[in-house]
Amino acid sequence: MLGFLLGFCPLTRALPQNAEPIIKIGVFDLEGNPIDKPKVIVYDSLHQFVKEEVVNKTDFKGQIKKIEIQNFGTYYLQFSKEGYEPIEEVRVTWKNDMVNRSPIVKMKLLNASKSLSWMWWGIGAVMLLMALQGYKIFRKKCCKNT
C-alpha cells in the first residue's frame, strides 16, 4: 500500500506525465519523398478553425512535420502545397497515451503530365528554329557557290 501511495505503482508510471500536445505527421509525395513546408489548416472536433501555418519543423531526415496544438483531443487537418493536390480532412485523435503515433499523408503532384508535355513542346520549337536557321545558312552557302 505504501508503494502505491508513493507512486511506484506500474499503472501510474506507464502513462506519460508531461506529454506535449504536438501532432507528428509525415507528409510525402506518391514516390515517398518528403514534401518540404506544406501548409496545414487545423480544425477541432467540431470543425472549428484552430490555426493555419506553413509547417517547417522537421526531424533529422526532414520527414516528420510537427504541428503544435493547445490541447489534446480530435483534430481535422487539411494539407496543401503549391503544385500538389490538396489533402482534405485527415483525422487525428491526440491523447496522452498516443504520444509516438505519426500518421502519414501522401500528396499527389498536380499537372505533372501537362508540365512535361509543355517541356517537350518547348524543346520541339527550339529544335525547329535551329533547323530553319541551319537551312537558311545552307541555302546562303549553296547559292553563293553557283
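Buried means under 20% relative accessible area, exposed means over 50%, and partly exposed covers what lies in between, with a 1.4 Å probe and protein chains only. With that in hand, welcome to the close-up views. This is a predicted model, in which local features need pLDDT of at least 70, side-chain atom pairs count only at pLDDT 80 or more, and totals for chains, interfaces and linings use all residues. Residues are numbered from 1 along each chain as its sequence is written, and side-chain values use heavy atoms, with hydrogens and water left out.

**View 1**
Helices (H or I, at least four residues) and strands (E, at least two) are DSSP runs, numbered from the N terminus. Along the sequence, the elements come in the order α-α-β-β-β-β-β-β-β-α. Of the 146 residues in the protein, 23% are buried.

A salt bridge is a side-chain nitrogen of Lys or Arg within 4 Å of a carboxyl oxygen of Asp or Glu. One of them joins the side chains of Glu 52 and Lys 39, at 3.3 Å from N to O. Glu 52 belongs to strand E3 and Lys 39 to strand E2, so this pair ties together parts that are 13 residues apart in sequence. Glu 52 is partly exposed because its relative accessibility is 44%, and Lys 39 is also partly exposed, at 31%. Another salt bridge links Glu 53 with Lys 51, where the closest N and O atoms are 2.9 Å apart. Glu 53 has a relative accessible area of 21%, so this residue is partly exposed. For Lys 51 the value is 23%, which again means partly exposed.

**View 2. Tyr 43 and Phe 49 bring their rings together edge-to-face.**
Rings of Phe, Tyr and Trp (its six-membered ring) pair if their centres lie within 6.5 Å; planes under 30 degrees apart count as stacked, over 60 as edge-to-face and the rest as tilted. The count by this rule is 1 aromatic pair. The ring centres of Tyr 43 and Phe 49 are 6.2 Å apart and the planes stand at 75°, so the pair is edge-to-face. Phe 49 has a relative accessible area of 51% and is therefore exposed.
In the loop between strand E2 (39–43) and strand E3 (49–54), look for His 47. The phi of His 47 is near 65°, a positive value in a residue other than glycine. His 47 is partly exposed, with a relative accessible area of 40%.

**View 3. Lys 37 and Val 54 have C-alpha atoms separated by 5.8 Å.**
These two residues are 17 residues apart along the chain. Lys 37 sits in the loop between strand E1 (22–29) and E2. With a relative accessibility of 43%, Lys 37 counts as partly exposed.

**View 4. Tyr 84 is a buried loop residue.**
The loop in question runs between strand E5 (73–80) and E6. Tyr 84 counts as buried because its relative accessibility is 18%. The C-alpha atoms of Tyr 84 and Leu 109 are separated by 4.4 Å, although the two are 25 residues apart along the chain.
Strand E6 (residues 87–94) contains Glu 89. Here, too, phi is positive in a residue other than glycine: for Glu 89 the angle is near 55°. Glu 89 is partly exposed, at 45% relative accessible area.

**View 5. Trp 120, Ile 123 and Met 127 make a nonpolar surface patch of about 350 Å².**
Patches are made of residues with over 30% relative accessible area and no salt bridge; like charges are joined within 9 Å, and nonpolar side chains (Val, Leu, Ile, Met, Phe, Trp, Tyr) within 5 Å. Accessible areas come from the Shrake-Rupley method with a 1.4 Å probe, and for residues only the protein chains shown count as cover. Met 127 is in helix H3 and counts as exposed, at 54% relative accessibility.

**View 6. Lys 136, Lys 140, Lys 141 and Lys 144 form a positive surface patch.**
Lys and Arg count as positive and Asp and Glu as negative, while His and the chain ends are not counted. The place of a charge is taken as NZ of Lys, CZ of Arg, CG of Asp or CD of Glu. Lys 144 lies in helix H3 (residues 112–145). Its relative accessible area is 72%, so Lys 144 is exposed.
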